[in-house]
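Keep the viewer open and follow along.

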Amino acid sequence: MSRSQESSCDETTGLLHEDSGSQDPLDTHNDDPADSHWIVTIILLCGGAVLFDLSNNLGSVAEIAILEDIVCRDYYATSATTTISWSPEGCKIGPIQTEIALLNGWRETFETIPAILLALPYGMLADKIGYRPVALLALFGSAMSANWNRIVFWLHPILPTRAVWLSALWQILGGGPQVVTSLSFSAAATVIPTQKRTNIFSQMTAVILTTELIAPPIGAALMAINPWIPFLTSSGIAAISVIWGVLFFPETHIQTDQASTPVNKHPSSRIGDALQTIQEFYGQLSQNKNVAFVVASFSVALLGTHAFGLLLQYMSKRFHMSYAEASYVLPLRAGTNLISLFTLLPAATRILDRNWGLDIISRDKLLTQASALAMFLGCLLIFAAPTLVFLSIGVVVFGLGASFPVTARTLVTSLVDEKSLNTAYALMSVMSSIGSLVSGPLLAGVYHLGMVMGSTWLGLPFLFAAALYGLALISISAVRVPSYTA
């Protein structure tokens, strides 16, 4: 992959320049075609990610059901209308659903604060000491953060429901799931052959998404017995994922010039160097509009994805379904995601490479645009769906855009200098976290507004998400292909 060696920094240059003739640190393991040790690394990374995501997805539906039960009972216990007997249908009223949306929305907001403040420093620390220790710390903190909700619900009413907001404190350890994701993709990028990155990234994402395909039906079946069964089982799986990380997360380093980083350097000097690196990175980012456009679109798109956190609530209220029944739509999205990542993306990549002869940046830009368009149309269909069938079609169309994070990451990989790769990935996590910081309360407020406006507007959060995906599409379309790749 060619890099401009000019001294100036513009839209066609990387964020940080390499010395002429320097070896690409991401390709140091890829010179020998027979060298396939990177496959083992990818398998180990995917194994841990599957366990971690399985723990989250298995108990997600049960968590909402248990939370609704707690909020509902508290509401009728303290309401002036105490003569009204509690019933599941009585839990669908506006005040209760708004409280649930606010509880989850503010919890997501508080949980993004550690990622905003710590993702970039932890990413830089990983570049210095290796990805493994930072990833293990982030895995542990994330697992404890998820388990905190189970503790609060189990001890209720000793602990109030709003104590779930304290789960964010655990994510100070490692920076949260965003850091785990960033380090996992960074570790993979260091060993995957350059031409295979897009497909391998998509396959990694698809493997992880299998948890969304199998976990909700299993969780729904267990919920028929007792919602606490999948809720507590997910805690055990989270512990196993941490153990997996301890045993199998690969020790990965970016090869750098050791002479330029003396080991006996004073800690204060290292901190000063880190701050200077951050300042230089952001300064060059402001001059490299291509990367800025991609990072902005990544942030906006992931902000829109948070609307799907309200999908179960929306379906349960709009179509008068139980959470267990509504959860069977979730595998529909996951299945479409898998088809998109395992089949459609590789096929489209081959067609654009062989038949159209596009360079890597042009190809990834076009694929990212197509994904943003699919998510835009999917959200519009979900908002306007008069029946469950049309809503399901919208979920499928949205799932066709599952490759957006993959192609956006590979697009950034092609635009940024490899020495700044993990910093760039961490920046994408920070930007998406900034979007998540406001998405929880904002979407909860939009959902409440939709309930006030009437049943036709219950899906207002998805209309809002469609607008965000439209902005992401415009931002990606503004990326200019560097002239040196033509």
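Are α1 and α4 roughly parallel or roughly antiparallel to each other? Start with the angle. The two helices pack at about 15 degrees. Angles under 35 degrees count as roughly parallel, so α1 and α4 are roughly parallel to each other. Their axes lie 11 Å apart. The crossing of this pair is left-handed. On the α1 side, the meeting residues are F52, S55 and N56. On the α4 side they are L139, S142, A143, A146 and R150. By class, the contact of α1 with α4 holds four nonpolar residues, three polar and one charged.

Now step back for the overall picture. This is a predicted model. The protein has 17 helices and zero strands. It contains 486 residues, and 54% of them are buried. Consider contacts between residues at least 6 apart in sequence: 81% of these join residues at least 24 apart. The accessible surface comes to about 20,300 Å². Carbon and sulfur atoms account for 67% of that surface.

Return to α1, which spans residues 37–58. Its next partner here is α7, residues 228–248. Two packed helices are described by the angle between their axes and the distance between the axes. For α1 and α7, the axes come within 7 Å and cross at roughly 165 degrees. An angle over 145 degrees counts as roughly antiparallel, and therefore α1 and α7 are roughly antiparallel to each other. Again the handedness is simple to state: α1 passes α7 in a left-handed crossing. From α1, the contact uses L44, G47, G48, L51, F52, L54, S55 and L58. From α7 come P230, T233, S234, I237, A238, I240, S241, W244 and F248. This contact of α1 with α7 has 11 nonpolar residues, six polar and no charged ones. Look back at F52 and S55. Both belong to the contact with α7, and both also meet α4.

Zoom in on one residue of this packing. L44 sits in helix α1. Is it buried, partly exposed or exposed? Its relative accessibility is 24%, so L44 counts as partly exposed. Leaving aside residues up to four places away in sequence, L44 touches W244 and F248. The chain separation is worth a check in the viewer. L44 and G245 are 201 residues apart along the chain, but their C-alpha atoms are separated by 8.7 Å.

Helix α13 covers residues 360–384, and helix α14 covers residues 388–399. Their axes come within 7 Å and cross at roughly 165 degrees. That makes α13 roughly antiparallel to α14. The crossing of α13 past α14 is left-handed. Which residues make the contact? A374, M375, L377, G378, C379, L381 and I382 take part from α13. L391, I393, G394, V395, V397 and F398 take part from α14. The contact of α13 with α14 divides into 11 nonpolar residues, two polar and no charged.

Next, pick out a single side chain in α2. E68 lies in this helix, which runs over residues 60–78. Is E68 buried or exposed? The cut-off for buried is under 20% relative accessible area. E68 has 8% relative accessibility, so it counts as buried. Not counting residues up to four places away in sequence, E68 touches C91, K92, Q97, I100 and Y323. One of these, I100, is 32 residues from E68 along the chain. The C-alpha atoms of E68 and I100 are separated by 6.7 Å.

Finish with the backbone. Most residues other than glycine have a negative phi, and most peptide bonds are trans. Two places depart from that pattern. At H156 and P157, the joining peptide bond is cis, with omega about 10 degrees. P157 is found in the loop between α4 (131–155) and α5 (177–189). At H320, phi is positive, about 55 degrees, although the residue is not a glycine. H320 belongs to the loop between α10 (311–318) and α11 (323–326). Its relative accessible area is 61%, so H320 is exposed.

Note on methods:
Residues are numbered from 1 along each chain as its sequence is written. This is a predicted model: local features need pLDDT of at least 70, side-chain atom pairs count only at pLDDT 80 or more; totals for chains, interfaces and linings use all residues. Side-chain values use heavy atoms; hydrogens and water are left out. Axes are lines fitted to C-alpha atoms, for helices over the stretch in contact, and angles run from 0 to 180 degrees between N-to-C directions. Helices (H or I, at least four residues) and strands (E, at least two) are DSSP runs, numbered from the N terminus. Angles under 35 degrees count as roughly parallel, over 145 as roughly antiparallel, 65 to 115 as roughly perpendicular and the rest as oblique. A crossing is left-handed if the near helix is turned anticlockwise from the far one by less than a right angle, and right-handed if clockwise. Contact means heavy atoms within 4.5 Å. Ala, Val, Leu, Ile, Met, Phe, Trp, Tyr, Cys and Pro count as nonpolar, Asp, Glu, Lys and Arg as charged, and the others, Gly among them, as polar. Buried means under 20% relative accessible area, exposed over 50%, partly exposed in between (1.4 Å probe, protein chains only). Accessible areas come from the Shrake-Rupley method with a 1.4 Å probe; for residues, only the protein chains shown count as cover.
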